[in-house]
Amino acid sequence: MAPRKNAKGGSGGGSGSSSSGGGGSGSSSTSSSGGSSSSGARRETKHGGHKNGRKGGLSGSSFFTWFMVIALLGVWASVAVVWFDLVDYEEVLAKAKDFRYNLSEVLQGKLGVYDADGDGDFDVDDAKVLLGLKERSASEPTFSPEEAQPHHEPEGQAPVGTESEDIEDEIKEQTQSLLHEMGHIEHEDLQLEADGPAGEPQPEYADVLPVIDIDDRVQTLEPETFYEETEDRFSVEETVPQDHNLDMEEMIQEIPVPSEPVVDDDRQPPTADDIPYQDEPVYEPSENEKIEISDDAIEDSNIVPEEVSAPPVEEDQQEVPPETSRKTDDQEQKEKAQKKKPKLLNKFDKSIKTALDAAEKLRKRGKIEEAVAAFEELVRKYPHSPRARYGKAQCEDDLAEKRRSNEILRRAIETYQEVASLPEVPADLVKLSLKRRSERQQFLGHMRGSLLTLQRLVQLFPSDISLKNDLGVGYLLMGDNASAKKVYEEVLNVTPDDGFAKVHYGFILKAQNKIAESIPYLKEGIESGDPGTDDGRFYFHLGDAMQRVGNKEAYKWYELGHKRGHFASVWQRSLYNVNGLKAQPWWTPKETSYTELVKSLERNWKLIRDEGLAVIDTTKGLFLPEDENLREKGDWSQFTLWQQGRKNENACKGAPKTCALLEKFPETTGCRRGQIKYSIMHPGTHVWPHTGPTNCRLRMHLGLVIPKEGCKIRCANETKTWEEGKVLIFDDSFEHEVWQDASSFRLIFIVDVWHPELTPQQRRSLPAI
């Protein structure tokens, strides 16, 4: 019997045909319930049933909707991370840099065997091929058809995702195993870091020499005598700043250096124009050493001088002459040379690099005592290790500074020598050791020993121009200007544009009173911009030389020196200064707070005058000619009672009452940066414009015998005259100039006092000048 049609369609839904599988009863049942079946079908479809009667997954539109929602969530999450700075990318990068092993390079050797695409390494594409997620490209090695086909897993087999996780776990295990294995690999094959081991000193740390230093053995020091270390080569305390490396004062004196220096109480005190060239700090000697303390002793830790400077000047305020523009090519070459890292490890030291690094790390962290012990143990175990011995020398150097002990510093100097004496020492390490030895010898005042070290350096490295320049400085520190001049002439013959050699050669010429000849060398040297040329002393002498030949550009260079921080002002050009002190050319007694001293001098001026006139008799030889090269012409002599805070007992025998009077005033007798003296100037004398060496003192002039006309003194831009029995007070760190055009001699009494704003501690601790 033919089937009956459903009134409103069968349960099949949209096709309209009835179900054919149920028999008569089934057909009748379907007919009677057709309406409800149809509506249920619609509900089923609405709630996810398939319109063909099967249950299905998400529809296309639903899938797209969820895909867009997830994508937008990802975008907004990324925006939030960036906007709210949720991730510290700098820390992540820092950690990445600290990760010492490049994992991909480590693993390539092990995982290269799994290279499936033939590109020479193991990467994501290789993993996909091995997992069966990607077919091999034509260029890849071929496998059997069975291997090339994707695997259809039986129902009971784990899905592909699970297999992938298993393989990832396996790779992680291999990675961990490789890292564990790498942890035991010797560091021999690792290259030395750019700056050497963790605490490797820079090239400026240097100093050792295999030459026996007789000076070191002859001079004696008290075991715990303290030495001072400052980094500014221009001044000892907080002074006008400086660039680097040198610490000379004003003019080089060609004075032979005695084997046993002795203080000469009758010698004229140094001024800005006669203090010998000094480039290193001088230790505080014991009394029996008889070595005069000099303010120009300055040390640089690593030999980089401390810059205690005046406030920096804006670049746009610096009026630099066109000639000072530096050659770009030369500068780039210098920078490249500076970037070249020293090689400090020989083959054996590379095998113990881990132990060396550990000891060096202690030194760099300031654990000096532990570092000393660590390096001493390394030296004991490996006596032929140059790097271990060099580390020991550095630690002793640091410990000497920490404990302020010259005895320990002498040990360091000896150890630096031992480094250079070992076999198979890298050339860079020899150079560093010898240079550092030379610097520390200079610091202790062992100039002769330092010179031997520098001579040895030049013998070992004859093509290194910088070492020859250092040798020239060594000769200057010894007072051997002639030898220094020869060295710089040799340098300039080889490298005529060497700015360092030029400024020093000009410096020497000016000291020899070859004023006009010195100017081009000083000028071109400063303009070169070479390291060591931007130094206040060179600006000082260039300006001074120009003034003496009548060149009006002198004050332009003083101005430039001021803008570059070398001078407190154009007028105040002293180099050994304490920052913050009141600065003015002329002072009143009340401003100095030394009114009692002024009153005493003025009350007793006739007594002081009479004792001065009594010793003018030249047969006694108490008045000595001025020998500081400050006179353009004329006759000017001085008779010194106190110098650098020390009483000249012999001189005071000629003026006993005057000396007894002054004993009551420690602000002058204890002024270790000044003098007390008579000064006589004869007609026709002119004193060049000049400045004193320091701003730490004020100078009093008491008029004793003053002609009615023709005598005057200018300080800065104000000129005054003396009066008999009256005191003039000025700051001689400002430029001053004197004329004596009278018809008879002029006699005054000079009394230096501490600057009133210096503290008692500063007055006790400032080195003498």
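The side chains of Arg564 and Asp534 meet in a salt bridge, with N and O 3.9 Å apart; the term denotes a side-chain nitrogen of Lys or Arg within 4 Å of a carboxyl oxygen of Asp or Glu. This pair links distant parts of the chain, 30 residues apart: Arg564 lies in the loop between α23 (554–563) and β1 (586–587), and Asp534 in the loop between α21 (515–528) and α22 (536–548). Helices (H or I, at least four residues) and strands (E, at least two) are DSSP runs numbered from the N terminus.

This is a predicted model, in which local features need pLDDT of at least 70 and side-chain atom pairs count only at pLDDT 80 or more, while totals for chains, interfaces and linings use all residues. Residues are numbered from 1 along each chain as its sequence is written, and side-chain values use heavy atoms, with hydrogens and water left out.

A second pair is formed by Asp470 and Lys435, whose closest N and O atoms are 4.0 Å apart. Lys435 is buried, at 19% relative accessible area, whereas Asp470 is partly exposed, at 24%; buried means under 20%, exposed over 50%, and partly exposed in between (1.4 Å probe, protein chains only).

Within helix α15 (residues 406–421), Arg410 and Glu407 lie 3 residues apart, about one turn of the helix. Their salt bridge brings the closest N and O atoms to 2.5 Å. Arg410 counts as buried at 18% relative accessibility, and Glu407 as partly exposed at 33%.

The structure holds 32 salt bridges.
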